[in-house]
Amino acid sequence: QCIKVTKATVLDISNNRLSDEAILMVAKAMASSPIESLDISNNKFTDQCAEPLMQILKVNRTLKTLSI
């Protein structure tokens, strides 16, 4: 599966019961997207995805707000 974000600047996927795997897929898509605000709060991801999420988001140059 592939998630491609092209023109949106706000992505709110809160309250969707997303797992670690789903959150990491979103984070990978974020590496080269124009998203400025990302809300992944109230999902089912665990601490295990925190480090990979941080590493992937480090390369994103547009993200200004992250809600977890």
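**Packing of helix α1**

The buried residues of α1 pack against β1 (10-12), β2 (37-39) and α2 (50-58). The model is predicted, with local features requiring pLDDT of at least 70 and side-chain atom pairs pLDDT 80 or more, while totals for chains, interfaces and linings use all residues. Residues are numbered from 1 along each chain as its sequence is written, and side-chain values use heavy atoms, without hydrogens and water. Helices (H or I, at least four residues) and strands (E, at least two) are DSSP runs numbered from the N terminus.

Helix α1 covers residues 20-30. Its buried positions (under 20% relative accessible area, 1.4 Å probe, protein chains only) are Asp20, Ile23, Val26, Ala27, Ala29 and Met30.

The axes of α1 and α2 come within 8 Å and cross at roughly 15 degrees. Axes are lines fitted to C-alpha atoms over the stretch in contact, with angles from 0 to 180 degrees between N-to-C directions. The crossing angle therefore makes α1 roughly parallel to α2 (under 35 degrees). The crossing is left-handed, the near helix being turned anticlockwise from the far one by less than a right angle. Contact (heavy atoms within 4.5 Å) involves Ile23, Leu24, Ala27, Lys28 and Met30 of α1 and Pro52, Leu53, Ile56 and Leu57 of α2. By class, this contact has eight nonpolar, no polar and one charged residues. Here Ala, Val, Leu, Ile, Met, Phe, Trp, Tyr, Cys and Pro count as nonpolar, Asp, Glu, Lys and Arg as charged, and the others as polar.

Ser33 lies in the loop between α1 and β2. Ser33 is buried, at 6% relative accessible area.

Technical notes
Buried < 20%, exposed > 50% of the residue type's maximum accessible area, 1.4 Å probe, protein only. Parallel < 35°, antiparallel > 145°, perpendicular 65-115°, else oblique.
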